[in-house]
Amino acid sequence: MRALSIACAALAFLGAASSQAGSLEVNPIRVELSAAARSVAVSVKNSGTDPVVVQVSVQAWSQENGKDVLTPTKDVLVTPPIATIAVDKEQIIRVGLRRAPDAERELSYRLYVEEVPGAAKPGFQGLQVALRIGLPVFVQPRKGPAKATLVWDARLRGEDTVNLKVANQGSGHIQISDLAVSLPEEKQAVASHSALTYVLPGQSREWDFKLPPARVKKSDRLRLKVSTDAGSIDTEIDLSGP
């Protein structure tokens, strides 16, 4: 799995004489745990120009009404929780599961690697920005492997809006990156959306697509193309009104 490299420069205000930047590389970018693999190693590399102090924490991750909910948890242990990383060196963070996996459904958490800002260099004027990198942590159910089961619904609202909803009725997450809606006989999409969106088990997400007036009718069927971390989806769905 490829590494995640994030660099963030400080924002300068009026008359700022210089700027400071930090850069961390984290690998892997997704943590997978199970009853058979209860711990993994995460590498955090300092590719910046100064030593950096990082703090690592984990929160339980759920969703409610299409929004992420994060809560404190002791289910997952990280060691060490704080470390100083020299320039061009890496720190291995051990991530371990402290509870039994669920029997039927995937568990989800978010692991955060956060830079602890140090003292500003003499003469520095501006804003120091601390990096905060969030990684998904998924725990396979004991009866795994977890799998998403998606149910799609499309409704025409007024003359110029299509509401598209997906419900995940499976046991595992899905990550959606691209959506394209078109009429079955046409190659050109009438609407599209690009953004990384997770839908956890038992949850749903929806999007509103603005269309040219009268471009789509309630009697139409829509062709839906979706890119996900589990593969591509190419299907047709009925369009209904309210």
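The protein chain contains 18 strands and zero helices. The structure is a predicted model. Of the 242 residues in the protein chain, 38% are buried. The accessible surface of the protein chain amounts to about 13,200 Å², and carbon and sulfur atoms account for 50% of this surface.

Strand 7 spans residues 76–79. Val-76 and Val-78 form the covered face of strand 7, whereas Leu-77 and Thr-79 form the uncovered face. Strand 7 pairs with strand 9, residues 90–97, in the antiparallel sense, and four bridges connect the two strands. Val-76, on the covered face of strand 7, has Leu-97 of strand 9 as its bridge partner.

Ser-108 belongs to strand 10, which covers residues 107–116. The relative accessible area of Ser-108 is 12%; because this value is under 20%, Ser-108 is classed as buried. With residues up to four places away in sequence left out, Ser-108 touches Ala-60, Trp-61, Val-137, Phe-138 and Leu-200.

Methods: Residues numbered from 1 in each chain as written. Predicted model: local features only at pLDDT ≥ 70, side-chain atom pairs only at ≥ 80, totals over all residues. Heavy atoms only, no water. Buried < 20%, exposed > 50% of the residue type's maximum accessible area, 1.4 Å probe, protein only. Pairing = 2+ DSSP bridges. Areas by Shrake-Rupley, 256 points an atom, 1.4 Å probe, with all protein chains shown as cover. Contact = heavy atoms within 4.5 Å.
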